[in-house]
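Hi everyone, thanks for making time today.

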Amino acid sequence: MNARFAAGDRVHVRRSESPGHVRTPEYVRGAFGVVERVCGPFANPEELAYGRDGLPARPLYRIRFRQADLWPDYNGPPLDSVEVEIYEHWLETR
Amino acid sequence: MRAHHDLGGRPAGPIDRSERELEPWEKRVDAMLRLLSAPECEIIRVDELRRAVEGLGAEAYDRLTYYERWITAIANLLIEKGVLTIDELARKIEEVRDRDGERA
């Protein structure tokens, strides 16, 4: 597996409105984050959910977002963050 | 568009954190999924269960409890995969209802 991104890379989550089973929560779509780590290759859950084998495996990343970037009315400390595991095909550089 | 089950960050009110013992039927539903998803048989993958739960529809998703969602989704998947027929399931449900009715 060739992971396209590395720890520390700034990435953008695709603002996709795909139907069906996806693992990318709505609240991070369209947001910018930073790769916290590469988790490794995993079978694609969007395929597994429909009885297929999910192969080839897709790189999965743990992405760190600043809370203030996700919630316009966020009142907590500016460095508060949340980490979400996201598959590579949901990520792009901008 | 946000899917109904995709609740992260939505206003939800207070969370009920009280603990309770699981009912015997809830443990059986859990055991059933473990057996159906075991590598030796793998009739249902957990991703499929999740997809089926998400596909219950907003009204059922909100009305059903956690394991009620599971058993409804498991039944739908087993019908979809041809493991059970709708008729078999319906007759069994009637049988159990009649049996429990007699006991009551």
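Some housekeeping. This is a predicted model, where local features need pLDDT of at least 70, side-chain atom pairs count only at pLDDT 80 or more, and totals for chains, interfaces and linings use all residues. Residues are numbered from 1 along each chain as its sequence is written, while chains are lettered from A and ligands numbered from 1 in the order in which they are written. The model scores ipTM 0.88 and pTM 0.89. Chain B averages a pLDDT of 93, and 97% of its residues score at least 70; pLDDT is the predictor's confidence in each residue, from 0 to 100.

Now, chain B. What pattern does chain B follow along the sequence? It reads α-α-α-α-α, with 5 helices and 0 strands. Helices (H or I, at least four residues) and strands (E, at least two) are DSSP runs, numbered from the N terminus.

Please find helix α4 of chain B, residues 66-80. Its 15 residues reach 21 Å from first C-alpha to last, close to the 21 Å expected at 1.5 Å a residue; that expected span is 1.5 Å times one less than the number of residues. The buried residues of α4(B) are R69(B), A73(B), I74(B) and L77(B). Seen down the axis of α4(B), these buried residues fall within an arc of 130°, so they line one face of the helix. The arc is that of the directions from the helix axis to the C-beta atoms. They pack against α1 (24-37), α2 (46-54) and α3 (58-63) of chain B.

By buried I mean that 20 or more other C-beta atoms lie within 10 Å of a residue's own; exposed means 12 or fewer, and partly exposed is in between, with C-beta atoms placed from the backbone. L77(B) counts as buried because it has 21 C-beta neighbours inside 10 Å. Leaving aside neighbours within four places in sequence, L77(B) is in contact with I44(B), E48(B) and A52(B).

Over in chain A, the largest nonpolar core has 11 residues in all, including V11(A), Y61(A) and W90(A). Such a core is a set of buried Ala, Val, Leu, Ile, Met, Phe, Trp, Tyr and Cys residues joined through C-beta atoms within 7 Å. The largest share of this core, 4 residues, comes from β3(A). A second, separate core of 8 residues includes L36(B), I44(B), A52(B) and A73(B).

Two backbone details to finish. Most residues other than glycine have a negative phi, and most peptide bonds are trans. In chain A, a cis peptide bond joins L55(A) and P56(A), with omega about 0°. In chain B, E42(B) has a positive phi, near 45°, and its place is in the loop between α1 and α2.

How values were computed. Contact = placed C-beta atoms within 7 Å.
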